[in-house]
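Work through the exercises below with the sequence and the model at hand. Each task is followed by its solution in steps.

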Amino acid sequence: MANELAQPKVDVKDGQINFKNVDQFKSDFEQIIQRNSNFIVTDETLTGSKKARAELRNAAKESASWRSKIKAELLKPFDEVAEIAISFEKKAKSAADAIDSDVKVFDEAEKQKRLDGLKTYIDARAKELGIETITEFNDKHLIKGNFNGTKPKQKFIDEFIEPELARLVSEKELKIANIAAVRNYAESKGFDPEGYIHSLDFKTLAQIMGDIDGDVERKKRREEAEKAIAEMEAKKEQKRLDRAKSAGDKKFDEETGEIIQNPQPVVEKTYNRTLYIIEATSAQLNQLANYMKSNGIAFRGEK
């Protein structure tokens, strides 16, 4: 059984799109849905249930087919115009991009002029205040709205420049106070303050004071150790002097204090021998006599 589904008719007049027969389309669709809904599937109703399912699916398919067809027909003129529009849009964008590169060069040059004007103003104010100048800026600071030409507007000065300069002044004053505090404290403890002052670039005042206190404690322990060693050496030297005094001219062991006995000389046994000289010149006899004298040999001679 074919679906009894009336399709809406399309009517285009004076640029207006109207659909006719819509109410009939809704009525037919509702009847088909009501007629084929709430089926209880059993052995007896299986065939009827399949037909109901087919009728519902056919109605939905027919409606979707009609809707897609009408949409394509209605959009066809638009698609043609849209294609033309897209083509010209691409050409316009390409032309704008070509100009954009030159505009960016000009914009960057103008931004640099504003930056130079800003730096000139800030450098002069920093010099007046005796502080380091501001060196970091972002694109938000350099927008046209913050300037009259290349000169910063008063509102920009009040809201950004002066508060930033005030912060730098406060930082400088705090640093001067911290330097004085570190210098006084280090010198009062007997230390050169310069190394501690340099640490202010990366440590807080409290941390540096703690470092000084730690160095004071280490210095104290070192001096105590040196004093103890000196006292030990002095006691050792005094003991050595006392031992030397008690030993007189005797030698003694400085480690144990024991007197070292001087070794007794060894007396060698002597012998008497008769030496006959069978034949010798006068010079030879003199040489022999000199040899014995030099070696401590007692002798006498007979002619």
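**Exercise 1.** Which residues does Asn36 touch, not counting residues up to four places away in sequence?

The model is predicted: local features need pLDDT of at least 70, side-chain atom pairs count only at pLDDT 80 or more, and totals for chains, interfaces and linings use all residues. Residues are numbered from 1 along each chain as its sequence is written, and side-chain values use heavy atoms, with hydrogens and water left out.

Step 1. Locate Asn36: the residue sits in the loop between α1 (22-35) and α2. Helices here are DSSP runs of H or I with at least four residues, and strands are runs of E with at least two, numbered from the N terminus.

Step 2. List the contacts, meaning heavy atoms within 4.5 Å: Asn36 touches Ala52, Glu55 and Leu56.

Step 3. Check the polar atoms: one in the side chain of Asn36 lies 2.7 Å from the backbone oxygen of Ile32.

**Exercise 2.** How do helix α2 and helix α3 cross?

Step 1. Take the axes, lines fitted to C-alpha atoms over the stretch in contact, with angles from 0 to 180 degrees between N-to-C directions. Those of α2 (residues 46-129) and α3 (residues 154-188) come within 11 Å and cross at roughly 40°.

Step 2. Find the residues that meet: among them are Leu118 and Tyr121 in α2, and Phe156 and Ile157 in α3.

**Exercise 3.** Where is Asn21 found?

Step 1. Asn21 is in the loop between β2 (16-20) and α1.

Step 2. Phi of Asn21 is near 70°, a positive value in a residue other than glycine.

Definitions and conventions. A polar contact is a pair of N or O atoms within 3.5 Å; within protein, one must be able to donate a hydrogen and the other to accept it, and residues adjacent in sequence count only if both atoms are side-chain atoms.
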